[in-house]
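Let us read this model feature by feature.

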Amino acid sequence: MKLHVRSSFEDGGGALWLGGDRGLQRWDLRSYELRRYGRADGLPVGNVTALAVGGDGALWVGTAAGLARRARDGSWRYLEGRRWLLGD
């Protein structure tokens, strides 16, 4: 499987998160298991352009269609539209 990575993030729990043209991947650096996240998991589209972690440990996933937020408990929330942009 070929993946064009646009953003990556290593969390404190031993995992590397990769965002790119095939969605979001979580690679467990201990067990070498790879988990793929897509629309069924809460991402608005399969093309991830940016990753960031918030002060609360949540993973923010940027796409052309909006933001998705993965809380530390594993739950997802899709944030749609411009209302989430600063200055709007």
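**Reading the model**

Q: Where is Tyr-32 placed?
A: This is a predicted model. Tyr-32 sits in the loop between β3 (23-28) and β4 (34-37).

Q: What is the phi of Tyr-32?
A: Tyr-32 is not a glycine, yet its phi is positive, at about 65°.

Q: Is Tyr-32 buried or exposed?
A: Exposed means over 50% relative accessible area. Tyr-32 has 59%, so it is exposed.

Q: And Gln-25, buried or exposed?
A: Buried means under 20%. Gln-25 is at 1%, so it counts as buried. Gln-25 belongs to strand β3.

Q: What does the side chain of Gln-25 reach?
A: A polar contact pairs N or O atoms within 3.5 Å. Here the Gln-25 side chain comes to 3.3 Å from the backbone oxygen of Arg-22.

Q: Which residues form the largest nonpolar core?
A: There are 10: Ala-15, Trp-17, Leu-24, Tyr-37, Leu-43, Val-48, Leu-51, Leu-59, Val-61 and Ala-68. Two or more residues come from each of β2 (15-20), β5 (48-53) and β6 (59-63).

Q: Which residues does Val-48 touch, leaving out those up to four places away in sequence?
A: Among them are Leu-24, Leu-43 and Val-61. Val-48 also touches Arg-6, Gly-19 and Thr-63.

Q: How much space lies in the largest pocket, and which residues line it?
A: The largest pocket holds about 220 Å³. Its lining includes Phe-9, Asp-11, Trp-17, Val-53, Leu-59, Arg-70 and Arg-72. By class, the lining has five nonpolar, three polar and three charged residues.

Technical notes: Residues numbered from 1 in each chain as written. Predicted model: local features only at pLDDT ≥ 70, side-chain atom pairs only at ≥ 80, totals over all residues. Heavy atoms only, no water. Helix = DSSP H or I, 4+ residues; strand = E, 2+ residues; numbered from the N terminus. Buried < 20%, exposed > 50% of the residue type's maximum accessible area, 1.4 Å probe, protein only. Polar contact = N/O pair within 3.5 Å; in protein donor to acceptor, adjacent residues only side chain to side chain. 1 Å grid on protein atoms, 1.4 Å probe; cavity = no way out; pocket = protein on both sides within 12 Å on 5 of 7 lines; lining within 4 Å. Points joined across faces, edges and corners; volume = space filled by probe spheres on them. Nonpolar A, V, L, I, M, F, W, Y, C, P; charged D, E, K, R; others polar. Core = buried A, V, L, I, M, F, W, Y, C linked by side-chain atoms within 4.5 Å. Contact = heavy atoms within 4.5 Å.
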